[in-house]
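Thanks for coming. I will take a few minutes on one model, so please look at the display first.

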Amino acid sequence: MPQQVRAVVAKAKGEPVSLETIVIPDPGPNDVVVKISACGVCHTDLHYREGGINDEFPFLLGHEAAGIVETVGDAVTHVAVGDFVVLNWRAVCGECRACKKGKPWYCFDTHNASKKMTLEDGTELSPALGIGAFADKTLVHEGQCTKVNPESDPAVVGLLGCGVMAGLGAAMNTGNVSRGDSVAVVGCGGVGDAAIAGARLAGATTIIAVDRDPGKLEWAKDLGATHTVDASTLDAVEAIQELTGGFGADVVIDAVGRPETWKQAFYGRDLAGTVVLVGVPTPEMTLEMPLIDFFSRGGSLKSSWYGDCLPERDFPLLVDLYEQGRLPLEKFVTERIGIEDIEAAFEKMHKGEVLRSVVEL
């Protein structure tokens with residue numbers, strides 16, 4: 001039978017979110033109903049509310065989530081009722097050209113639930129990143145559920161669903177940071193600090209945090225940065241070079257996604273070094289640079305989608321490392337809030353006062 005549950009909905013561009021009753025249909029053959037335990041407040045949710053993703057309002061917000069499988073469709077084999085899962089928005093299809101090339105982390109046809117959740121009047125909802133987890137329960141495709149250690153704190157491990165995984169993966173997967181590397185990270189919010197934690201876990205020996213906010217630089221040090229650069233008072237490129245013997249870093253990660261920060265990353269890397277763009281630019285941003293600089297400096301210029309992760313490969317491993325005390329995921333949880341506090345959490349995030357506010361349900 002369809003269920004009615006509480007959920008946070010963005011009904012119109014730029015308007016405050018509201019707590020609504022929504023209807024979750026019976027799952028389709030490969031769908032799963034998940035009872036949400038916790039969900040992080042990500043900047044992407046704010047982008048949805050502001051109309052920065054698309055205009056398919058109303059949106060059911062929330063996507064960095066963990067919970068318990070409650071109901072499954074009759075063809076589901078991937079998970080079972082009672083499983084503790086972290087939700088993801090990369091349920092690989094196995095059939096697209098990327099999957100067939102053996103690169104499923106680029107999957108171009110990821111799965112979502114086959115049915116739509118709705119408002120009480122029947123208006124169809126657009127779930128954020130195909131998840132919609134600021135809700136007591138949500139409906140997803142079975143491939144969007146990754147089983148992890150059931151003893152883990154949902155508020156912590158659920159953050160792998162988006163921002164923390166994006167940063168960790170930008171360093172470990174896309175940037176391929178390895179032992180002894182020097183790494184610089186431009187922008188030390190949640191994604192940037194996760195990249196710092198990933199670089200530390202991968203064995204980088206010099207990890208440089210770059211930001212204009214002294215408070216964020218303190219967060220970065222706590223998560224593994226060996227050096228900090230206050231870009232409000234120093235030239236970031238010169239500072240990175242000075243800290244790396246005059247050469248630049250082996251890998252520079254732009255966790256902001258603006259033309260000026262990307263240029264800092266480009267010129268702050270060593271010859272034949274790697275630039276990873278994980279911060280998301282807006283459509284109107286453009287970049288103009290001398291083409292000879294691209295040729296003469298060599299190396300790799302990459303963008304990182306979701307940290308180039310495979311949830312089935314990466315989530316259980318990272319949760320195990322967290323449980324062993326080798327990956328401090330708990331440090332990303334700044335506060336635990338109720339479902340009615342999301343607008344206040346957006347404001348704190350916008351002001352840079354939190355790494356993550358996490359809704360507990």
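I will go through the domains, then a sheet, then a helix.

Two remarks on the basis. This is a predicted model, in which local features need pLDDT of at least 70 and side-chain atom pairs count only at pLDDT 80 or more, while totals for chains, interfaces and linings use all residues. Residues are numbered from 1 along each chain as its sequence is written, and side-chain values use heavy atoms, with hydrogens and water left out.

First, the domains. The chain is divided into domain 1, residues 3-161 + 328-360, and domain 2, residues 164-306; these bounds come from an automatic or database domain assignment. Their C-alpha centres lie 28 Å apart. At the interface, 17 residues of domain 1 are in contact with 15 residues of domain 2, contact being heavy atoms within 4.5 Å. The buried area is about 1400 Å², and carbon and sulfur atoms give 70% of that. Buried area here is the accessible area (1.4 Å probe) that two parts lose on being put together, summed over both.

How many salt bridges are there between domain 1 and domain 2? The count is one, where a salt bridge is a side-chain nitrogen of Lys or Arg within 4 Å of a carboxyl oxygen of Asp or Glu. D222 and K331 form a salt bridge, with their closest N and O atoms 3.3 Å apart.

Next, the sheet. Helices (H or I, at least four residues) and strands (E, at least two) are DSSP runs, numbered from the N terminus. Two strands pair if DSSP finds at least two bridges between them. Five strands make an open sheet with mixed pairing, in the order β7-β2-β1-β4-β8. β7 (118-119) and β8 (126-127) are at the edges with a single partner strand each, so one side of each has no neighbour in the sheet.

Strand β1, residues 3-10, is joined to β2, residues 18-24, by seven bridges, and the two run antiparallel. A7, for example, has E20 in β2 as its bridge partner. β1 also pairs with β4, residues 59-60, in the antiparallel sense over two bridges; there A10 is partnered by F59. β2 and β7 run antiparallel too, joined by two bridges, and V23 has T118 as its partner.

Last, helix α4, residues 163-174. Is it mostly covered or mostly open? Mostly covered: ten of its twelve residues are buried, meaning under 20% relative accessible area (1.4 Å probe, protein chains only). Among them are M165, L168 and T174. The buried residues pack against several elements, including β5 (64-72), α5 (190-202) and α10 (311-323). After α4 comes N176, with a positive phi near 50°.

Technical notes
Buried means under 20% relative accessible area, exposed over 50%, partly exposed in between (1.4 Å probe, protein chains only).
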